Amino acid sequence: MATRNHNNAAAAAAPQLRHHHNRGGVPALGKSKAVPGRTDAMNRRPVLGDIGNLVTVRPAEGKPQPQEQQVNRPITRSFGAQLVKNAQANAAIKNAAILPARHAPRQDRKAPAKLPPPEDIIALSSDSEQSRTQSESSASSVRSRRKAINTLSSVLSARSKAACGIADKPRQVIEDIDKLDVNDELAVVEYIEDIYTFYKIAQHERRPCDYIEAQVEINAKMRAILVDWILEVHHKFELMPETLYLTMYIIDQYLSLQPVLRRELQLVGVSAMLIACKYEEIWAPEVNDFILISDSAYTREQILSMEKGILNRLEWNLTVPTVYMFLVRFLKAATLGNKVEKEMENMVFFFAELALMQYDLVTRLPSLVAASAVYAARLTLKKAPLWTDTLKHHTGFRESEAELIECTKMLVSAHSTAAESKLRVVYKKYSSEQFGGVALRPPAVEICK
């Protein structure tokens, strides 16, 4: 009887609660405690349902829900945050086991059944659905990365490259020219690139200048006669190539710093060769040998005095990169380290010695003269391709550069007139069978047109 009266009182209080809720007031729920299973909790359901914080836990199919889990609980901010945190933690644990199986056949993976959530239920996606969504999103991101996105910047860059003529250039192929010398300790393969990087920097220092205008009694023709005589002496003494190019550097550098009389020009050449022999040769010729080769034009005292004067004027600085140092490296790049191509080697040195006689090339960098000799040799021998990526890399010059083309034209022109010139030492030397007769080959006059 008491229970019936209490239920009637609760039923009578329900309209008052709704009335307070509609007015915006707070219902007085603190006077009586709610007991699960009573009818007063059933009567408060519409009021809590109006504010949308009621969660109905749906049992899984085929599995009865425990009694304590069927209780409806209002979601506060802290409780909602806890639910989301627990759902993310469970999803991370299950994804670790599900994601490795992404590459399995799709027919082996069964999609979880989806049930439409009720209107008054906060639906949380299942762990398997989250893992599948993540895998699909990652796959779509991979596909999106593979797609070529034509943005405005890429279009403008492509048009700029096309305008410059570099749109479809193939990748450069640079051969390893030192692969045959790995076991040669004298080749110093580990340091060779650094050495030639230093040479290219050092070649700008202590260079000869245009000295003919400053010389009173010497002109370019007299210098050419002296060089022709030095080439002949060098060949008769069978000296090393390094000696020849260092001799010419000493002569040009001394004439750049000191005015010389005409009668002393040959004395400068003799003394310069004596200095170079002492620097480069193992068994250097003696002073008497140079006196004999010069037909006793100068005495021993004169040669030694000029030797001392040259060394003091050059401040005893003889360690400089000459044309020969670059010739060896560039020739190696032209033949890709193959020592069998003797014809190419003879042709390159033929043009290099022709370059020694050209006064216009005195002020040019040794690396440029060496590259021009290699270019002229490949042009004369009709090598294809004419200028490879390996040569561009090691020489630092492209075949379209104006300086390289200009120097090459001078060398080819000297080759075309060598047979009729009065100074024919170089032509005779490289016309012999010992050097393959490369001077007899038709000159590449097409570049001079």
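## Helix α14 and what follows

Helices (H or I, at least four residues) and strands (E, at least two) are DSSP runs, numbered from the N terminus. Buried means under 20% relative accessible area, exposed means over 50%, and partly exposed falls in between (1.4 Å probe, protein chains only).

Just past α14, Lys-382 takes a positive phi of about 55°. A cis peptide bond then runs from Ala-384 to Pro-385, with omega near -5°, and Pro-385 sits in the loop between α14 and α15 (389–395). For context, most residues other than glycine have a negative phi, and most peptide bonds are trans.

## The model and the whole chain

This is a predicted model, with local features needing pLDDT of at least 70 and side-chain atom pairs counting only at pLDDT 80 or more, while totals for chains, interfaces and linings use all residues. Residues are numbered from 1 along each chain as its sequence is written, and side-chain values use heavy atoms, leaving out hydrogens and water.

The chain has 17 helices and 2 strands, and 35% of its 449 residues count as buried. Among contacts (heavy atoms within 4.5 Å) with a separation of 6 or more, 75% are between residues 24 or more positions apart. The chain exposes about 28500 Å², with carbon and sulfur atoms supplying 54% of that; the areas come from the Shrake-Rupley method with a 1.4 Å probe.

## The nonpolar core

The largest nonpolar core has 97 residues, and those with the most contacts inside it are Tyr-245, Ile-250, Leu-327, Phe-350 and Phe-351. Domain 1 (212–314) and domain 2 (323–448) both give residues to this core, so it lies between them. A nonpolar core is a set of buried Ala, Val, Leu, Ile, Met, Phe, Trp, Tyr and Cys residues joined through side-chain atoms within 4.5 Å; the domain bounds come from an automatic or database domain assignment.

Leaving aside residues up to four places away in sequence, Tyr-245 touches Thr-322, Val-323, Tyr-324, Leu-327, Phe-349, Ala-352, Glu-353 and Leu-356.

## Aromatic pairs

Rings of Phe, Tyr and Trp (its six-membered ring) pair if their centres lie within 6.5 Å; planes under 30 degrees apart are stacked, over 60 edge-to-face, and the rest tilted. That rule gives 13 aromatic pairs. One of them, Tyr-199 with Phe-326, is edge-to-face at 6.3 Å centre to centre and 70° between the planes. Tyr-199 lies in helix α6 (residues 192–202) and Phe-326 in helix α12 (residues 323–335), so the pair ties together parts 127 residues apart in sequence.

Phe-326 is buried, at a relative accessible area of 0%. Ring pairs also link Tyr-196, Phe-198, Tyr-199, Phe-326 and Phe-330 into a cluster.

## Loops with positive phi

Val-188 has a positive phi near 40°; this residue is in the loop between α5 (152–164) and α6 and is partly exposed at 28% relative accessibility. Val-189 lies in that loop between α5 and α6 too, and its C-alpha atom is separated from that of Asp-178 by 6.5 Å.

Trp-316 has a positive phi near 60°. Trp-316 lies in the loop between α11 (300–313) and α12 and counts as exposed at 58% relative accessibility.
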